[in-house]
Amino acid sequence: MTSTARPFLNRRLAEFGTTIFAEMSALAVRTGAINLGQGFPDTDGPEEIREAAVRALRDGRGNQYPPGPGVPELRAAVAAHQQRRYGLSYDPDTEVLVTAGATEAIAAALLGLLEPGDEVVALEPYYDSYAACIAMAGGRRVPVTLRPHEGAFRLDLDELRDAVTDRTRLLLLNTPHNPTGTVLTREELAAIAELAVERDLLVVTDEVYEHLVFDDAEHVPIATFPGMRERTVTIGSAGKTFSFTGWKVGWVTAAPALVTAVRSAKQYLTYVASGPFQYAVAEALALPETYFTAFRDDMRAKRDLLAAGLTEAGFGVHRPAGTYFITTDIRPLGFGDGFAFCRALPERAGVVAIPNAVFYDHREAGAPFVRFAFCKRTAVLEEAVRRLKALAG
């Protein structure tokens, strides 16, 4: 093979290597550490939903290519969920699109809506696929940093307004927010909506943790605000709510023209996916309210267990209002480099975490923060807490 000076990887993706999740998961396997890094449950979701997937397989539903927009049953269930929960009315045939998880929904939305050079304002720190998807679409990301304030990470609305320029095409939101656990308030969302209307911006909003809000926090879709339904692409997912992350069933709800744009990109990504699981998720979305309440209460108890243990171990703990992640400050333990801390933690304490700096453009802003996931069995969390106590000594 003739050598060439030209790199194989295109320049848009040159800054993205192997994800930190792969590195830390491999480290957990090698050391036998408890993996509180990657955000997936260690138990399956409701038995009746798993059986619904088996039934679909046996009945021959979804074993071949499902319809491109998603099976009608799931699209109807998504529309009913949005109406029942938030009073948002969507036509299942023209305003709902099923995707291969929320990650594909994000990618397809950005690929379908951005022109090369368009700016995307995103809340930093952000889920790592956001940066890669903006790059693949030829966009330019403009981070607005959530900063610690009174035990939580808050948005500076003035900074957000200042970040918008004549080149800004869309705002990329995530609430409840991964990794900080922040839930944007009704007042914050109203201000963002006013800005979007004033500057004629599109909004892509990742709401996969919509059912995981705690205490006095409230999840309010930005699409419910005046002038926002026609300019908002809302992304949801079954994985986080029903603990079947491997099924990869997500969805988009939006006005017809926006769904058409997203579908135009999505059809050339996976085309379709997760056929039998779509029927099962349709049944999951119709579960009684008792399921969602019990799920939230269980996660809140696990949050409290891990937060108390991390505090006792000496971390500075930012108590999350949503999601199933806790962001901690390692400076009280005498450390300032989250990468070095997380790479050493499995040997020191037998636990794996994720350095938040990977979610930042401004790496220095995230350097002292480390994320732990609490979507694990109680016994696993109790053992992790026991091991982390070694740090306090």
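**A sheet, a helix crossing and the core**

Author: In this predicted model, strand 12, which covers residues 325-329, is paired with strand 15, residues 369-373, in the antiparallel sense and over 5 bridges. One of the residues involved is Thr328, whose bridge partner in strand 15 is Val370. This pair belongs to an open sheet of 4 strands, arranged in the order 11-12-15-14 with antiparallel pairing. Strand 11 (316-318) and strand 14 (354-355) stand at the edges of that sheet, and because each has a single partner strand, one side of each is left without a neighbour in the sheet.

Turning to the helices, the axes of helix 4 (residues 101-113) and helix 9 (residues 256-266) come within 7 Å and cross at roughly 105°, and the two helices are therefore roughly perpendicular to each other. From helix 4, the residues Glu104, Ala108, Ala109, Leu111, Gly112 and Leu113 take part in the contact, and they meet Leu258, Ala261, Val262, Ala265 and Lys266 of helix 9.

The largest nonpolar core has 134 residues, and the members that touch the most others are Val233, Phe315, Phe372 and Leu388. Leaving aside residues up to four places away in sequence, Val233 touches Ala109, Leu113, Leu258 and Val262, and also Val203, Val204, Thr205, Val252, Thr253 and Ala254. Ala109 and Leu113 are among the residues that helix 4 brings to its contact with helix 9, while Leu258 and Val262 are among those on the helix 9 side.

Conventions: Residues numbered from 1 in each chain as written. Predicted model: local features only at pLDDT ≥ 70, side-chain atom pairs only at ≥ 80, totals over all residues. Heavy atoms only, no water. Axes fitted to C-alpha atoms, helices over the stretch in contact; angles between N-to-C directions. Parallel < 35°, antiparallel > 145°, perpendicular 65-115°, else oblique. Contact = heavy atoms within 4.5 Å. Core = buried A, V, L, I, M, F, W, Y, C linked by side-chain atoms within 4.5 Å. Buried < 20%, exposed > 50% of the residue type's maximum accessible area, 1.4 Å probe, protein only. Pairing = 2+ DSSP bridges.
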